[in-house]
Amino acid sequence: MLSDAERREIEEDIKAYADRKMGCVGALKIVQRHRGWVTDEALKAVADHLQMTPDELDSVATFYPLLFRRPVGRHVILICDSVSCYNVGYEDLLGYLTKRLGIGLGQTTEDGRFTLLPVACLGVCETAPAIMIDSDVHGGLEPPEKVEELLKLYE
Amino acid sequence: MSDGSERPLTGDFRSDGRPLDMGEYERAGGYLAIRRALKEMSPAEVMNEVKASRLRGRGGAGFPTGLKWSFVPDGEGQDAAGPRYIIANADEMEPGAFKDRILMENNPHMLIEGLLLGAYAIGAGCAYIFLRGEYGRAAKAIERALAEAYEKNHLGKDILGSDFSLEMRLHMSAGRYMCGEETGLINSIEGKRAIPRAKPPYPQVCGFMGRPTVVNNVETLCNVPHIIRNGAEWYKGLSQKLSADGGTKIYGASGRLKRPGAWELPLGTTARELLEEHAGGMREGFGFRGLLPGGASTEFILEEHLDVRMDFDSVQSVGSRMGTGTMVVLDDRTCPVGMQLSLQKFFARESCGWCTPCREGLPWVVHMLRAIEAGEGEMEDIDLLLEQARLLAPGHTFCALAPGAAEPLGSGVKYFREDFERHIRGKRCPWKIKSL
């Protein structure tokens, strides 16, 4: 079941589209914002709401790295592992983060605070190495200790 | 002729990094081009001016923009049978590229005006900006600019007193390189999985919702208002005869450089000038080994190639492509096998899985590179990698993703073969000593 707020936001978002299906990525983002991730139940409810089959919608949901089909922590750290970051300190940054958080890529800290995931080039290569936490992009993380100040912003 | 100092795309940026608002954009001459086009020019005249300017697509392929527009059938104007669409490809996900982000964050109205002119030229009544999900700052800037443009009737019905109408909407995606491929983009915006479509029919004939659709890169569209405002001759002069093509280019460079960044310069500026003057050369303690001239999906070039002019035709003469014009530099303290592994991991992960060579070949390439990097490779792996580069090249796959992966792979193995062999002979990565 979609909540009233979710339903309202989805309707608002698909208003300007010619076809309800066009709003499916936006709708999945809305339920993810409310629930943290896209549960099977939410996926079925959104599919129903947009007159799609659950499989049809899941073929979209599983395609995009910013849509989570598994539970994630309160904050998601996406670390860029593409070439510009690789060349200027990605490995040091990854090593620092995995040690500091005690988790590897694809894992969530025990307190549920952070999930660590790889992501493709964030388009801030002039300030590599870079990460994205939730929807905020942060560059210039060399040396990797600089990430400490950032982590404080995400309780 | 221009003296090379003109920066039509970036010259009006605010120094504090905030986007120009409507008033600021108009005071800098913004929306004069669409006013002029609506009053004095037919759609065909707009298209012809863009053709004459020799503007070529800035997304990487370099296809002539006016020619692309001219493939939209059914004659002139918005009254032609059925709707047409224009979409700005703002899914900038080429590793190493960050130029479209800079344009959108700093001057979103320029993109809107470019779309307006493109829509007018092809008779589109609806435009979308397809933005990658990670570009939150650009999204905010565009949303505000769209609201301002609607408020002032630069968008909507009967724009600026004419009978031309255009609806424009921002579509926020959720990551995935495949969405930058124009048919994948069209599937994505329709709410489908972003796999590529067979061509022909080309999108200009049968695209979004089965209707004629033009997809143009952000930087390409941002050039159009300047061409219409100042004319094709002025535009061609911007490249100072350094290139057969017109205009400026937003070049960029990343890596161990003194000043990594982006610069708007005459099209045809040399790679050496970009690297040594604008990026300030290599950082202290780092030597230059090679670079990818236009993002991840272009062939490596070496020191001996640096005097090449960075335009579409010249870079091909040294065996690569200009691509997005944003260079990625390999230094001597970074392992070329590790860099290659990073590149191929990207392509393997981003493959949509639609066709076999890409879906199966790229993970195999990653597997071999990982083994070589870990000191577990064998000499025959090198030839297998080269064979894969050949089998992933154009003609074997459905879209350009795998050929894009083959470009740095084939050239990387060729130019840095000795480094690959050292990994295999020594059974370890020579760059990893310090961490042992």
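A polar contact is a pair of N or O atoms within 3.5 Å; within protein, one of the two must be able to donate a hydrogen and the other to accept it. In this predicted model, the side chains of B:Glu92 and B:Tyr135 make such a contact at 2.7 Å.

Is B:Glu92 buried or exposed? Its relative accessibility is 6%, so it counts as buried, the limit for that class being under 20%. Leaving aside neighbours within four places in sequence, B:Glu92 is in contact with B:Ala97, B:Phe98, B:Lys99, B:Asp100 and B:Arg101, and also with B:Arg132 and B:Tyr135. B:Arg176 is 84 residues away from B:Glu92 along the chain, and the C-alpha atoms of the two are separated by 9.9 Å.

Strand E1 leads on to the aromatic residues. Over all chains, the count comes to 14 aromatic pairs. In one of them, the rings of B:Tyr85 and B:Phe208 have their centres 4.6 Å apart and their planes at 85 degrees, so the pair is edge-to-face. B:Tyr85 belongs to strand E1 (residues 85-90) of chain B, while B:Phe208 sits in the loop between helix H8 (182-189) and strand E4 (213-217) of chain B, so the pair ties together parts that are 123 residues apart in sequence. Both B:Tyr85 and B:Phe208 are buried. The two also belong to one aromatic cluster with A:Tyr17 and B:Tyr128. Another pair is formed by B:Tyr25 and B:Tyr31: the ring centres are 5.1 Å apart and the planes stand at 90 degrees, so this pair is edge-to-face. Both B:Tyr25 and B:Tyr31 are buried.

Helix H8 of chain B holds B:Ser188. With a relative accessible area of 2%, B:Ser188 is buried. Neighbours within four places in sequence aside, B:Ser188 is in contact with B:Phe130, B:Ser173, B:Cys179 and B:Ala194 of chain B, and with A:Tyr64 of chain A.

That last residue brings in the interface between the chains. How many residues does each chain bring to the contact? Chain A gives 40 residues and chain B gives 55 residues. The area buried between chain A and chain B is about 3,700 Å², and carbon and sulfur atoms give 54% of it. On the side of chain A, A:Phe63, A:Asn87 and A:Glu126 supply 19% of the area that this chain buries against chain B, more than any other three residues.

One joins the side chains of A:Glu142 and B:Arg256, at 2.6 Å from N to O.

Which elements of chain A supply at least two residues each of the side that touches chain B? They are helix H2 (24-35), helix H4 (54-61), helix H5 (83-87) and strand E3 (114-119). The largest share, four residues, comes from H5(A). By residue class, the side of chain A that touches chain B divides into 25 nonpolar, seven polar and eight charged residues.

Methods. Residues numbered from 1 in each chain as written. Chains lettered and ligands numbered in written order. Predicted model: local features only at pLDDT ≥ 70, side-chain atom pairs only at ≥ 80, totals over all residues. Heavy atoms only, no water. Contact = heavy atoms within 4.5 Å. Buried area = accessible area lost by both parts, 1.4 Å probe. Salt bridge = Lys/Arg side-chain N within 4 Å of Asp/Glu carboxyl O. Nonpolar A, V, L, I, M, F, W, Y, C, P; charged D, E, K, R; others polar. Phe/Tyr/Trp six-rings, centres within 6.5 Å; stacked < 30°, edge-to-face > 60°. Buried < 20%, exposed > 50% of the residue type's maximum accessible area, 1.4 Å probe, protein only.
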